[in-house]
Structures are given as structure tokens and as C-alpha cells.
Amino acid sequence: MSQVVTNAGEALFAQKAQANEQLDIDTFIFAYVPGQDSQAPVDRSEGLPPTAQQVHTQPVQQVGRINNNTVVYSTVLNSLTGPFEFNWVGLYSSVNNTLVAISHVKSVNKTITELGNAGNTLNRNFAIEYSGISDITGITVAPETWQLDFSARLAGMDALTQNLAMDMNGRDWFIGDGFKVEPTANDDEFRVIAGVGYVHGMRLELEQDYVFSVQSYPQNVYVDALFEGDVSSQWKPQYKFTLSNAQQEDYMNENGVNHYVFKISVLSGADAVEDLRNNNGLAAKLEDYILKNRSEVDNTESLKELFGLVAGMKVSTKGYYEPLDGGNTTYEISTNSDIDGYSSFEIIGGLYAHPYRKQNGLTSTQFGVMPDGVTNWEADQGLRMKALYAALNKGVEVKFVRVGEKYLYNTGMNIYNNYAQKWTMSFDEGVEFGNIFHIISSGSAIFDRRVSIPINSPDQTLTFPEPHGMITPRMCTFVDTGTILDKGSYLVTPTDSRHATVDAPGLLGNNINTGRISDTPIKNVILKGTYTTYDRFGCINVDGLTYDRVHCKSDPTKHATGGYGGGVHIFTMCKNFNGRDTIIDDTQSQAQSANQHAAFACDGIGLENNKFGRVWVKDSRCNGAIIQGEGCSVDTLIVDAYGRGVMSSVIPFVGQSDLQGGSSANIAHGVWLSRSCGKIGYIRVNQKYGFDGRGYAHKDVVFDRDFLRWDSPNQSSFLDEELAMSVGHIECLNPQYVAVDLGTYKGWCSPSIGKISLGIIPDENEIILSDASRLDKGLINIGYTRAKIGKVKCKNAKQSSVILHNPLYTPANTPAMLKEPSLTLGSFECGDHSASPISIHCKHDIGNVVFDKVTIKGSYYLEPSVLIGTRAICSDFGPIHAKSEVAVNKKLLEYGAQHSMVGPIDSHNITANKSTNDATIHIKNSKYSKLRVAKVNADSLSANGGGIKYTGTYNFTTENLLVDKMAQGVIDGGGNGRMIAIGCVSLGNSTASDLPKSVLVGDVGNYQWSV
């Protein structure tokens, strides 16, 4: 510390002495001057620091005369003054506008008493030396009158305190199990239990168990206590434990300090402990009295003013604000000042009330957070919610409870990573919330941002080459900085758009733009019971969330701002979720909130290993469910209805448009699986409320594309892992447009689907049944996919296209796709149909196909039941079974595949009119392919039916074909060549065949085959 009289001060002294005028010095000025060295000499010409650096001004409170040439000026900064930091003190004459003296000191933090924490009290003095200064200033009082030596008096006070404690409780006594000795699980090992005790009236506190070993028995266990300190430090009791098989007495050490000894236990053997403590002190007696006579007070305010309490007592309240408001709690009285001000607080007598820990956690009402249906406690009483969050962060379970008939909490909950890690929250049955619940790492999450750390940054400043996007402080994790920050988590506070500070003292480094910074994830959150909200439940950057049930309702009368429900949104960087049951009743539309993408959305980037039991969307004004990420698992996913509102915003991280103009900004889907892999057991989309008012509803289930791994969350660079989604069973009971869409958004998908079941298409669904686009999109729409489907079952397709691959989806139209799509299908069952249930223009491997019935409607009979286009190469289709109770004019198969096979085919009473409808089987433009085993017949001779027709075929082989009871068995459509027929028969037909023999390369064992 350096102290001087300034040149200006010395000149003022001379001026006053010469003029024979009194000098008035009346003010202390405190300042913080950055970079000041307290050991360096002070420049006597130095003036006042800038106003911005001055932190406090205070009057001179005491003056004193040391001698005629020395006077002292003094002031006291009490515990209510502050808070601030200072390293510069000036003595100032405001009458003369002159800085008289300066002192440079080491930096001092001045604290104040707040929230139960005591502030510090500081004394500051200036001794001024100048010839005749006492006469100039008129100071004649000696400082001894107010700067007393209190050491003797304080020693007497210490003794008095000890004597008072002994008078009330006895010489030595202990609270509860404090200082009790008991054996541990190890041989000859014992422990002294942590707690509080008094020896010779001195309060001793053992903060954690003291463990010791014994070599021989018997042994006496003593507490050896003394009271010591010095005039510049805190005086407090000190103690140690000693073992002795001899009796010990009080003694005085070589420094003249008294030691007081008490025997707390006698150890006679490894499991023989005699407890000699006295724990029947005044506290126990008072507690017993209060519990019997004053066991309850009305509320926390009454408890704060209750006299006669001592540490260790327990007192109950009837309520938090008032009796029976639900905040009734049992409190333990303690000297522990670690309080939050709401669930724990200071009471009269310098003591503190803490909720009794034998209770199962805490309730929200113990923080004064009530289900009044009105107050947004987080916005209006933010400190209460922060105290609640702090308790969660300490591992205390907090339960939101009903209070009588009151159940609705109107508070929002936005829990960020700087006070949310490893916590458990629970909910009473029937408790509901009218506001949002966000578990997010920060309000403006950042991931993988480049950061620089300047050389020897004294103020821990971070510099960002691009705007960092942070708005609020948050915990961040660092990698590749080459500093102590790497792989650690530190509090980062933004200062402007490209700078922030990090709470990491001693940070050194010279890292330029190679380090990376991300929000630290919130980890290990547990929600017990049912969380119910009329707003949204959302998560960002959470690693480990387990919940029993989340129920998102929709009722503007219970919503905090009068809106509709927001559903569930699990967004970027969420991992390791286990949600047992998720229910969404309804949602707002995108016209009401542009970010409302789906009723249930698990989307974004960096999503891993998220598991859900049941997800049930009862209705939605937008998409029903969007699921993305790696290793996603859903047992049951149900969407009863979707697409009831206006769609207006592009959905991020999904396919933006298909080749037919469908955009995510103007259509809604029931279930949208995009950039995902994992397993879903069962999907059911119902659209149970019909189609009115659901013009944006488009596709029930969409497989957008397979999982993509991101290499940086802030870049658009993704790596295709070719990991796909597996679904056990998809059931679309009432598709509005497309039931299951596979890869039509210009991205590859290769899902594995066990079964697809389609309900009966209602006649009023004109989009599917009559619109021209039914020939462009099928109920099961095949795009850029290599899907594997076990079974498709359709009760009544009517005139819809069930399985359709549009030839638009080829690399010729989208070169970036590189490869041709394909379909693998185990079996297909169609109860009834009128048009073309199967239309395939890509490579395929399709197993057993069954058509139970054909219903003739309009001109749809002209469309073949199965259409295989010429782009199908190296494929296999069949068997095909098609029967009708009566003969119907219907084409069963139009086949144009190349280098492929079809069959066996069993067709009965499917008798296409040879004049207007080609034939039951039409082999058209197929080359190097084969029909293996087919039977085409009818119950009676068809007057106009055609059996099989060949048009434009080349190198086509037909094996074991029987055509019976048709007007014409085999029809030549022209343009055929190098045909091979083996074991083929045209039998019982009006005309056997008009196929020229010249087109046949081989005719082995045939009967009535060629002209």
C-alpha cells in the first residue's frame, strides 16, 4: 500500500496557515482504477480518477489528534454499504475542491448483507503529517476516545458466551447423533458421526464423519477443544480427537491457552461402544416444548418472527402465504446460511429455516409457487423459480402439487443449462400448466462455432470470426483450443455479437479460429407422473430425458395467452430420451405460429438414440409427427387426424419439394420420417374426422430419406450413412391422398416395412378415386427408394392406384440420384378393386399377389389390375391370383418388363374384351423376358374375351400356358419376333390363335398355338 499527501493538499495547508484560516477535510472517495500497482510509488501530482471509475463517496466520520503535527481522519463502510470493488482511496476537501491525500491499495471487494449472506465491514484511516496541522484543522480530540483496544473486552465476552451456554445446557452436550462414535463395516475401525456439540460451552461442528482405527482395547475417545485466534483473524473454537486408555483432564498448553477435554465414548471391543455424550441440552428441551405447545405456525412470515428457536428444532407451517394454501412444510432450524430465500430462509436470531430433509423432496408450493391459474411465476416472480431450479440442480426432487380444487399453474418454465443438470421433477395427478415448458441449453443455442483466444487474455475474452448468435449466458463446452478450456464446461457471457467472456481464471492461450465452442447439453432429467400443458413441451440439446407421460392439450381458455396447444418439439442435439407415453390433443396452425411444424416433432440435427413408447396425436392443424435422427425408436405411433389448419412455412431439415410440385410449405403429412434410422413398431394414421377443412392434408406416412450424419451443426454438409428406418406395421385407415410415400422428395430411402394395411377408401374421397393425379401418385407411392415391404393388404381399393411408381423418378430426371429405384414386396392382397391397384415402372421383386374381387365401375376396367412398365429390368413378379364370381371385362396384366420374369398366373372369369380391352394378359413391348406357368379361363365360353395378347415383344418365352373358354385364346398385336412357346395350350376357345408361326423360334409340345 502507498499513501501520500498530494501537491495540491500541501499547497492548501500552506495557504490556510498563512491566511490563519481553518482547513476542513470532509470526504472519502473510493475508486477502482484498472491496471493500478498498489506497490508502486504514488505520483503526488495525481488527481481524481474519472467519474466512471469512482464507485463510492462517504463523509469523514471521525477525526483525531496524534500530536501537533499529525492528525487522523477515519470512516467505516458498514455491512449495508456496497457492493463494489476498490483499489484507490482519496481524502478530499469539498469546501476547497481539493484532493488532499491518496492511498493505493490492493483490490478490495466490498460486500453487503443480502439473501441471508452477511456483508463485510471495513475501516479506512488517513494519517496526515504537516507542521502545525492540528492547529490548521482545529482537531484537538485524541483518537483513543473512539479507537479503543477491545481485546480484553472481547475476551470477556467470549468467556461470557461460554458460561451462558453452560448455564443453559451444562458443560458438555451434543445435538442429536453429533459426535456419536460407532463401528464401521471394517474390523477395528470406528467413525465419529458428523454434527454439532458443545464442550465447555464452545460450539463445535464436525462437517463430515471422522474415521479412525484402534489397535488395542480398551480405549477412551476424547474431544480436545480450545478457543484461539489473534487480533487480525477470526477467533473460533478448535478441536481434535484423541485416544487414550488413561484418564485425561483439562490443561493449559505452552502458549497459555486452556484446553478443555471431554470423553465422548469408551471402546471396550470391536463392537462394544459406550456412548457418554449428553444430548439433553436446552435445544432438545425447547424443541420438545415447542413441538408440544407451538408445533405449527400459520405461514413462513410467522416462522421468520418466532422467538425462542434454536438450531436443531423443527417447526411446521400451516401454509406458505396463508393456512391451507398448500405450502405447509416442516422446517428444521439451523445455523446453515446456504439458503435460497424462498424454500429456505433466514429467521429471527441469526438462524435459518430449511425444509426437513426426511420429507420426500420438496413441493413447488414450498417455494411459494402455487396453482392459482393466474401467475406466471417465472416472469413475475423469477427469483422463486430460480430458487426452485437451483434445488433441482442440487439433486432435490421438486413436485408440483394440487391444492384442494386448484390444479392449474400458469407459469412458464424455461430451464437452461447454467442451472439444470441431473434433476428430477414430479407432478401430482391432475396438475396442469397453461404455459410453455422448455428444457433447452440456452435461449439461443450454439453448436460448433469457431472461436479464438488471444494471448494471455487477462479478462478471459473470447473472439469469434463470425457473429456467435448468443444472447444470454450459458455453459459451453470447448474442443481444440489448446487451452485449459478443452473438454471442460464453463460459463460464457456474450458482450457483443463477436465477443464473450468465459469464467475460467488463469486462461492463457494463442488459439486463432481453430477452437470450437458449443452449448453444454443438459443431462439426466427425470419427469415423474404426467406433465400436462396447454402450450408446448420443448427440448434442445438435452442428453438424457426420461418421462412417464407428457400430455399436450389445447384449450384457449386455459392457455396463458389464449392460444392453442403447441404439442411436443424435441429439437437439435437431443439424445438418449426415454418417453413412455406422449399424447397431443390438438395444435395451433402455422398461420398462428410459423414454428409449429408438427404436433410431435423430433427433428433437427445431432439427434441420437431417442426412444418413445406410445406417441398419440389426436388431431393437428399441421403435420402429425416428424421424426428424425439416428437410432430413433417408437413402439406405437398413432395419428388420428392431421392437416386441419393452414400450412405456410417451409419445414427445416426435410425434403422441400417433390418432382410433382409438392412443397413442405403448403402440404401436411400424418407421419414424416426424414433423415432418420431406427425402429418403429406400429404406425396408425386414421384421418377419422373426414376431409372437410383439411385441404392441406396430403400423405399419411412419408419416408423422406435415410439417415444423414452431420459433420457440423452449423453447416449444410451431411454424410449419407445409408441407415434406414424399420417399421413393423403401418395401418392407414382413411388416407386422404397418399397413404405411404417412399422417397419422392429427391432423397434416397430404403426402409424395411413388415406390413402395410389400407382401410376402405370412402366414396367421397375424390382426390384418391377420381382426380387425374391418382395416376401419378399411388396410395403406396414409390419414388427414389429401395424399400422392402413384407405384405400389403387393401380391403377395397376401388378405382385408386394402390402401389404406383411414377417413371418421373429416374436418374434421367434427377441425375443426382445416380441409381434406379426398386421395390421388394413379399405379398399383396386386394379384397376388391376397379382400376389399376399396381403400377410399377422400376426394378422389383414382388411375391404372391391376390385379387379377390373386381367391381366394374365406369371406364376404369380399361386399366389393367397390374401394369409393369418397360423401365422394369431384371425383375420378378408373381404369383398372381385373380378370380371373379362372374365373368368381368377386365385386363388383369399389362407386362412390359425387360430381362424379367412374371408368373405363375391363375386367372378365372377375368375376360377382357379382345376388341376394346386387349386381353386378360397383354405382353407389351417386353423383351428377353419370360411368363412362367399361367392359366386363363372362365366358367363358360366368353363371347368377346381375349386370353393373351402379344404386342411388340422380342425374345419372349411363354411356358405352360393354358387359355380356355375365351373368344380368342392367343392374339397377335403385331411387332413380335423370336418368341418361344413351351407346353402352351389354347383349348376350348372360339378362335385358338392368330399368332403367325413365323414369329415363333420354338414351338415345343404346343396345341392349337399358332396359325
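Q: Where is Asp918 found?
A: In this predicted model, Asp918 is found in the loop between S63 and strand S64, the latter running over residues 921-924.

Q: What makes the phi of Asp918 worth a remark?
A: Asp918 is not a glycine, and yet its phi is positive, at about 60°. Most residues other than glycine have a negative phi.

Q: Where is Asn909 placed, and what is its phi?
A: Asn909 has its place in strand S63, which covers residues 905-910, and although it is a residue other than glycine, its phi has a positive value near 65°.

Q: Why is Asn909 called buried?
A: The cut-off for buried is a relative accessible area under 20%, and the value for Asn909 is 2%, so Asn909 counts as buried.

Q: What makes the peptide bond from Gly82 to Pro83 cis, and where is Pro83 found?
A: The bond from Gly82 to Pro83 has an omega near -5° and is cis, while Pro83 itself is found in the loop between strand S5 (70-77) and strand S6 (84-93). Most peptide bonds are trans.

Q: Which peptide bond has an omega near 5°?
A: With that omega, the peptide bond from Gly878 to Pro879 is cis, and Pro879 is found in the loop between strand S59 (876-877) and strand S60 (880-888).

Q: Which residues are said to be in contact with Ile112, leaving aside its neighbours within four places in sequence?
A: Contact requires heavy atoms within 4.5 Å, and with those neighbours left aside, the residues in contact with Ile112 include Gly82 and Pro83, as well as Ser79, Leu80 and Thr81. Ile112 has its place in the loop between strand S7 (98-110) and strand S8 (122-129), and its C-alpha atom is separated by 9.1 Å from that of Phe84, which is 28 residues apart from Ile112 along the chain.

Q: Why is the count of disulfides 0?
A: A disulfide is a covalent bond between the sulfur atoms of two cysteines. The rule asks for a pair of cysteine sulfur atoms within 2.5 Å, and by this rule the count comes to 0.

Q: Are Cys602 and Cys830 called buried or exposed, and why?
A: Cys602 has 0% relative accessibility and Cys830 has 1%; buried means under 20%, so Cys602 counts as buried, and so does Cys830.

Q: Why is Lys746 called partly exposed?
A: Partly exposed is the range between buried, under 20%, and exposed, over 50%; the relative accessibility of Lys746 is 35%, so Lys746 belongs in that range. Lys746 has its place in the loop between strand S50 (738-742) and strand S51 (752-758), and its C-alpha atom is separated by 8.6 Å from that of Ala816, which is 70 residues apart from Lys746 along the chain.

Q: How do you know whether Ile768 is buried or exposed?
A: Ile768, in helix H8 (residues 766-769), has a relative accessible area of 4%, and because the limit is 20%, Ile768 is buried. Not counting residues up to four places away in sequence, Ile768 touches several others, among them Pro735, Tyr737 and Leu779.

Q: Why is Gln590 called buried, and where does it lie?
A: The relative accessibility of Gln590 is 2%, and since buried means under 20%, Gln590 counts as buried. Gln590 lies in the loop between strand S42 (575-584) and strand S43 (598-602), and its contacts, leaving aside neighbours within four places in sequence, include His597, Val646 and Met647.

Key
Residues are numbered from 1 along each chain as its sequence is written. This is a predicted model: local features need pLDDT of at least 70, side-chain atom pairs count only at pLDDT 80 or more; totals for chains, interfaces and linings use all residues. Side-chain values use heavy atoms; hydrogens and water are left out. Buried means under 20% relative accessible area, exposed over 50%, partly exposed in between (1.4 Å probe, protein chains only). Helices (H or I, at least four residues) and strands (E, at least two) are DSSP runs, numbered from the N terminus.
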